[in-house]
Protein chains: 2
Amino acid sequence: MISNSQSFDVGPILAAIDAGGTTFKCALIREGEGVIANLRVPTATPSETLEACSRFFHEQAAKGLTASAMGIASFGPIDVDVNSPTYGTILDGPKLGWAKTNLKSYFEAALSIPVAVDTDVNGALLAEMMWGAAQGTQVAAYMTIGTGIGAGLFANGSLIGKPSHPEFGHIRLKHHDADKDFMGVCSIHGDCLEGLASATALTKRFGDPIKLSQDHIGWEIEAFYLAQACNVLALTLRPEKIILGGGLMLAPHLLGSVRTQYANLINGYLDQSPEDIDKLIVTPGLGDDAGLYGGAYLAKSLIAN
Amino acid sequence: MISNSQSFDVGPILAAIDAGGTTFKCALIREGEGVIANLRVPTATPSETLEACSRFFHEQAAKGLTASAMGIASFGPIDVDVNSPTYGTILDGPKLGWAKTNLKSYFEAALSIPVAVDTDVNGALLAEMMWGAAQGTQVAAYMTIGTGIGAGLFANGSLIGKPSHPEFGHIRLKHHDADKDFMGVCSIHGDCLEGLASATALTKRFGDPIKLSQDHIGWEIEAFYLAQACNVLALTLRPEKIILGGGLMLAPHLLGSVRTQYANLINGYLDQSPEDIDKLIVTPGLGDDAGLYGGAYLAKSLIAN
């Protein structure tokens, strides 16, 4: 995709990891060529998962594909403060067993290359602004809707929330009328955005989303919460793009429903036409690889110039 | 207040207006001295209100107190894009009769001085960051809770939402259990933050807030919504200060209740101690004059070197 879209000049090989709660995606990406090798590793225990990733990069190096730097776009909460002694460490959060795992120091020791770490959504956002759906924008947001929900936000020239990162998945929302009594699935907040609208939450109420018919009330409820989240982003940051990624957005009818319910909620207040809303709320230009290219972006930032 | 807090050197006279939905506060402010003349004008029709303000500044000029520039911190929605042909114009919104009023061109013509305009909350935020409760911070928010609700946000070196401005008062919220059926008072959104938690909304359900006893459920409901708003700001921007201003915050018990309910909502997720929360959520250092000093800040920016 990158090679087709002209953006990468031929350059060094970059190691990228999209560290998700379900899968770690590993890739080598060369500027001008895109992904030249990749592997998906299930997210099991830290030692199992990280060792499998490390093995992949060593095997590639043995074939002559040696990365100059690594970037990791990771699930959170995670210490992304480059000045912190624990930079790169996953913090206490919903993902059990991973707290205190330092991704940066692990891979720096294992691969002897510099490693940069940011949140999955910050990485994906930067990649989308560089190469994807938010090219040319100054203010943009990337929200992932999968096992969990998170967002990366960019305004005034850099990421919002530094030296930490946003925790947008944990805002509270108005309940849908047909979902008033659902307590939510977030282990910390119950009915926050993630607790109401993650894939986990949808599955808990209605079963496997893949099996839900398009006209199931579950989708309307889901879209209502995602539309509210877009509403909050629009009313707070006034972004040019809100990119919705993550596994749940693969449901082809969901995007349109989010846009419709967004329009209902905003009720003309920001003077947006339906076409404006179609341009505002979009899916990733880099598709399912936004996080992976986010890793590449972070790696590239380590060896810029 | 300013003169006591050392911040102003003696300098030019600045004309400031805090243009509120209920009152226009006018003042002349001289650096080093603070407010040297002021007048409160009820917000009636645009012509009545603006003429009364203009008359005040002319009278002061006749006494030798001539301003070099004017800054207006205004209610919204308002065009605050300095590059727009309608910069300074109030837009269609809840305040009837004021749409299309151009505050900037009115006062430039009436007083023959340059005029800068921003939202009331952006002005108050800048003033609080310069001279008030958010001095020394890099990321801060100012929310006003009065007739309406709005917020100014600052991160990454400048205001958020430019060339427009945030419309944070119109985000949706989880209803309080004892307030599930209230439809809200926002003419556009019903039960948005402003529709649920403005002074107008509180009065609609429970009567004059001044007459409500401290233990009235209305205050708990109010604090629940304001705490949610703080929660959204904290999870989105990760600010160092959230300053709560506006008439309703004059209720002395409300701030503590907002902090308590904020702590309940966040449930330890951002690793904040009660002391951290006391430092995060505060009232304005400039008190009721934050908006007025915001006007002075905007005026000052027009004549700065």
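**A guided reading of the predicted two-chain model**

The buried residues of helix H2 (residues 103–111) of chain B are covered by several elements of chain B, including strand E1 (13–19), helix H1 (46–62), strand E4 (69–74) and strand E5 (115–119).

The residues of H2(B) that are buried are Leu103(B), Lys104(B), Phe107(B) and Leu111(B). Viewed down the helix axis, these buried residues fall within an arc of 95°, so they line one face of H2(B). The N-terminal end of H2(B) is capped by Asn102(B), which places a side-chain oxygen 2.9 Å from the backbone nitrogen of Lys104(B). After H2(B) comes Ser112(B), with a positive phi near 55°.

The loop between E4 and H2 of chain B also deserves attention. Pro77(B) lies in this loop, and a cis peptide bond, with omega about -5°, joins Gly76(B) to Pro77(B). Lys100(B) is found in the loop between E4 and H2 of chain B as well. Although Lys100(B) is not a glycine, its phi is positive, at about 80°. Lys100(B) has a relative accessible area of 68% and is therefore exposed, since exposed means over 50%. As background, most residues other than glycine have a negative phi, and most peptide bonds are trans.

A contrasting case is Glu31(B), in the loop between strand E2 (23–30) and strand E3 (34–42) of chain B. Its relative accessible area is 9%, so Glu31(B) counts as buried, the limit being under 20%. The side chain of Glu31(B) makes a polar contact with the side chain of Lys300(B), at 3.2 Å.

The next subject is a sheet of chain B. This open sheet has five strands in the order E8-E7-E6-E9-E10, and its pairing is mixed. At its edges stand strand E8 (158–159) and strand E10 (281–282) of chain B; each has a single partner strand, so one side of each is left without a neighbour in the sheet. In general, the strands of a sheet pair through backbone hydrogen bonds, either parallel or antiparallel.

Strand E6 (residues 140–145) of chain B shows both senses of pairing. With strand E9 (residues 241–245) of chain B, E6(B) runs parallel, and five bridges join the two. Across this pairing, Met143(B) stands opposite Leu244(B), while the bridge partner of Thr144(B) is Gly245(B). With strand E7 (residues 149–155) of chain B, E6(B) pairs in the antiparallel sense over six bridges. There, Tyr142(B) stands opposite Gly152(B). E6(B) and E7(B) form a hairpin, with three residues between them.

Six of the six residues of E6(B) are buried. In a regular strand the side chains alternate between the two faces of the sheet. Accordingly, E6(B) may be read face by face: Ala140(B), Tyr142(B) and Thr144(B) are buried on one side, and Ala141(B), Met143(B) and Ile145(B) are buried on the other. Further along chain B, the loop between helix H6 (217–237) and E9 contains Arg238(B). Arg238(B), although not a glycine, has a positive phi of about 55°.

Chain A also has an open sheet of five strands, in the order E8-E7-E6-E9-E10 and with mixed pairing. Its edge strands are strand E8 (158–159) and strand E10 (281–282) of chain A, each pairing on one side only. Helix H3 (residues 120–131) of chain A packs on this sheet, where it touches strand E6 (140–145), strand E7 (149–155), E8 and E9 of chain A. The direction of H3(A) makes about 45° with that of E7(A). Strand E9 (residues 241–245) of chain A pairs with E10(A) in the parallel sense over two bridges, and Ile242(A) stands opposite Ile281(A) in E10(A). In the loop between E8 and helix H4 (193–197) of chain A lies Pro163(A), joined to Lys162(A) by a cis peptide bond with omega about 5°.

The nonpolar cores complete the picture. The largest has 100 residues, and those with the most contacts inside it are Met143(A), Leu244(A), Tyr262(A), Met143(B), Leu244(B) and Tyr262(B). Another core, of 57 residues, lies apart from it and includes Ala16(B), Val41(B), Ile113(B) and Leu298(B).

Conventions
Residues are numbered from 1 along each chain as its sequence is written. Chains are lettered from A and ligands numbered from 1 in the order in which they are written. This is a predicted model: local features need pLDDT of at least 70, side-chain atom pairs count only at pLDDT 80 or more; totals for chains, interfaces and linings use all residues. Side-chain values use heavy atoms; hydrogens and water are left out. A nonpolar core is a set of buried Ala, Val, Leu, Ile, Met, Phe, Trp, Tyr and Cys residues joined through side-chain atoms within 4.5 Å. Buried means under 20% relative accessible area, exposed over 50%, partly exposed in between (1.4 Å probe, protein chains only). Two strands pair if DSSP finds at least two bridges between them. Helices (H or I, at least four residues) and strands (E, at least two) are DSSP runs, numbered from the N terminus. Contact means heavy atoms within 4.5 Å. Axes are lines fitted to C-alpha atoms, for helices over the stretch in contact, and angles run from 0 to 180 degrees between N-to-C directions. A polar contact is a pair of N or O atoms within 3.5 Å; within protein, one must be able to donate a hydrogen and the other to accept it, and residues adjacent in sequence count only if both atoms are side-chain atoms. The arc is that of the directions from the helix axis to the C-beta atoms.
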